[in-house]
Amino acid sequence: MEYKDIIMTVAVIIGPIAAVQIQKWLENSRNKKERKLLLFKTLMSTRATRVSIEHVQSLNMIDIEFNNKGYEKVITAWRNYNDHLTNADAKSTTWMEKNEDLFIDLLFEIGEITELQIR
């Protein structure tokens with residue numbers, strides 16, 4: 001058996017396996033992008049009703065969906081917003097103003113990431 005026969009046999013065996021693995025990787029990457037975009041769209045569409053179940057669920061998913069390197073700004077904005085929600089007097093006007101600012105910062109950071117991923 002010559003080298004070209006061995007190379008051809010290996011290529012025939014490994015080719016389809018590699019193609020399936022590449023397809024799985026592409027689908028996984030696409031799914032991650034779609035989940036981040038859905039999270040952003042949900043937060044945007046429910047921003048007027050921040051106590052809705054969809055809004056709260058989306059906020060809770062931020063830690064899960066943006067847990068990799070490159071998303072530090074999103075996680076920082078989320079932590080700032082979450083800390084503000086849990087550690088302040090919700091009845092004061094300064095609290096409400098800061099709440100709006102922190103929420104807008106969070107949406108901005110998520111929007112920046114999702115825009116870059118769509119391109």
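Contact here means heavy atoms within 4.5 Å. With that in hand, welcome to this structure, which is a predicted model. In it, L59, I62 and D63 of α2 meet V74, I75, W78 and Y81 of α3. The largest nonpolar core has 18 residues, and helices α1, α2, α3 and α4 each supply at least two residues of it.

- The largest share, six residues, comes from α4.
- As general background, nonpolar side chains tend to be buried together in soluble globular proteins.
- L43 touches H55, S58, L59, I62, F103, L107 and I110, leaving out residues up to four places away in sequence.

**Where α1 meets α2**

- In general, two packed helices are described by the angle between their axes and the distance between the axes.
- For α1 and α2, the packing angle is about 145 degrees, and the axes are 9 Å apart.
- The crossing of α1 past α2 is left-handed.
- On the α1 side, the residues in this contact are K32, R35, K36, L39, T42 and L43.
- Facing them from α2 are E54, H55, S58, L59, M61, I62 and E65.
- Sorted by class, this contact has five nonpolar, three polar and five charged residues.

**Where α2 meets α3**

- Helices α2 and α3 pack at an angle of about 140 degrees, and their axes are 10 Å apart.
- Because of that angle, α2 counts as oblique to α3.
- The crossing of α2 and α3 is left-handed.
- By class, the contact of α2 with α3 has six nonpolar residues, no polar ones and one charged one.

**F66, a buried loop residue**

- F66 sits in the loop between α2 and α3.
- F66 has a relative accessible area of 0%, so F66 is buried, as the cut-off for that word is under 20%.
- Setting aside residues up to four places away in sequence, F66 touches K36, L39, Y71, V74, I75, I110 and I113.
- F66 and P16 are 50 residues apart in sequence, and their C-alpha atoms are 32 Å apart in space.

**T42 and S45 in α1**

- T42 lies in helix α1 and is buried, because its relative accessible area is 16%.
- Leaving aside neighbours within four places in sequence, T42 is in contact with E54 and S58.
- S45 also lies in helix α1, but S45 is exposed, because its relative accessible area is 59%.
- From S45 to I22 there are 23 residues in sequence and 34 Å in space, C-alpha to C-alpha.

**V51, an exposed loop residue**

- V51 belongs to the loop between α1 and α2.
- With a relative accessible area of 80%, V51 is exposed, since that word applies over 50%.
- V51 and R79 are 28 residues apart in sequence and 18 Å apart in space, C-alpha to C-alpha.

Key
Residues are numbered from 1 along each chain as its sequence is written. This is a predicted model: local features need pLDDT of at least 70, side-chain atom pairs count only at pLDDT 80 or more; totals for chains, interfaces and linings use all residues. Side-chain values use heavy atoms; hydrogens and water are left out. A nonpolar core is a set of buried Ala, Val, Leu, Ile, Met, Phe, Trp, Tyr and Cys residues joined through side-chain atoms within 4.5 Å. Buried means under 20% relative accessible area, exposed over 50%, partly exposed in between (1.4 Å probe, protein chains only). Helices (H or I, at least four residues) and strands (E, at least two) are DSSP runs, numbered from the N terminus. Axes are lines fitted to C-alpha atoms, for helices over the stretch in contact, and angles run from 0 to 180 degrees between N-to-C directions. Angles under 35 degrees count as roughly parallel, over 145 as roughly antiparallel, 65 to 115 as roughly perpendicular and the rest as oblique. A crossing is left-handed if the near helix is turned anticlockwise from the far one by less than a right angle, and right-handed if clockwise. Ala, Val, Leu, Ile, Met, Phe, Trp, Tyr, Cys and Pro count as nonpolar, Asp, Glu, Lys and Arg as charged, and the others, Gly among them, as polar.
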